Amino acid sequence: MPQTPEQDLTAALPSATREIEEFVAAAGWDQPTQVFALVPTERLLAAEPGLADQLDPASALTPIAQDALPAEDLAEALGRIEWPEQVAGCALVQEIVVLPPEAEAGLPSDAEAARQAAAEHPDRREARLVAAVLRDGGEACVMRLRAEDGADSELIEDRTLAPNLITALHATFAE
C-alpha cells in the first residue's frame, strides 16, 4: 500500500532533523538559536523550479533557515511565529547545558538561578538540540553532545528529548 503524503513527511522528519543539525554543526559551536521552516520539496520545486539544482528531489522535506531568534525569551519569540500554509513543519536549533539527573534534582526553582547553577556545574555538558515538528503532528529530536578534547561527539536521537519545546513548536501552527 503506498504511503500518503503525510506519512512520507513523517517518515522524512528524522532525516531532515539530522540534516539541520549537520548544517548548523558546519558553522561550529556557540551559534545563536535558529529556526527552520520545513517545506515539502515537491511543493518548493513546483513554486521555484530554478532551485532544482540546489535541492535533493529524493528528500521529502527541505529545511529553510529563518532569521535567528533572540536569546532572551524563546517562548515569547515562538509565540509570535505564524507559518504560511506551504510550510509543513518547523525546527528549532539551540545550544543547551545538559546535567546528570542527580544534578538536575538539586537545581534552584528560580529559572535564572537554575540556569546559572547549571552553567557553573562541574558535571555539565554542552549540547546542540534540534527539535522538529510537522503541522499534522509528527515529531523528531536530535541532540549532539559537545565533545571533550577533540573526541567524537555523541548524537542522540529521541523524539522525547524536549517535550516542552515540541509543544511550543506545535503551538506555532495553532489556528
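Q: Is Phe36 buried or exposed?
A: This is a predicted model, where local features need pLDDT of at least 70 and side-chain atom pairs 80 or more, while totals for chains, interfaces and linings use all residues. Residues are numbered from 1 along each chain as its sequence is written, and side-chain values use heavy atoms, leaving out hydrogens and water. Buried means under 20% relative accessible area, exposed over 50%, and partly exposed in between (1.4 Å probe, protein chains only). At 3%, Phe36 is buried.

Q: How many aromatic pairs are there?
A: Rings of Phe, Tyr and Trp (its six-membered ring) pair if their centres lie within 6.5 Å; planes under 30 degrees apart are stacked, over 60 edge-to-face, the rest tilted. By this rule, the number of aromatic pairs is two.

Q: Which kind of pair do Phe23 and Phe36 form?
A: Their centres are 6.0 Å apart. With 90° between the planes, the pair is edge-to-face.

Q: How many residues apart in sequence are the parts that Phe23 and Phe36 tie together?
A: Helices (H or I, at least four residues) and strands (E, at least two) are DSSP runs, numbered from the N terminus. Phe23 lies in helix α1 (residues 5-25) and Phe36 in strand β1 (residues 34-40), so the pair ties together parts whose separation in residues is 13.

Q: Why is the pair of Trp83 and Phe173 stacked, and how many residues apart are the two?
A: The ring centres lie 6.2 Å apart with planes at 25°, so the pair is stacked. Trp83 sits in the loop between α3 (74-79) and β3 (89-98). Phe173 is in the segment after α6 (163-171), and the separation in residues is 90.
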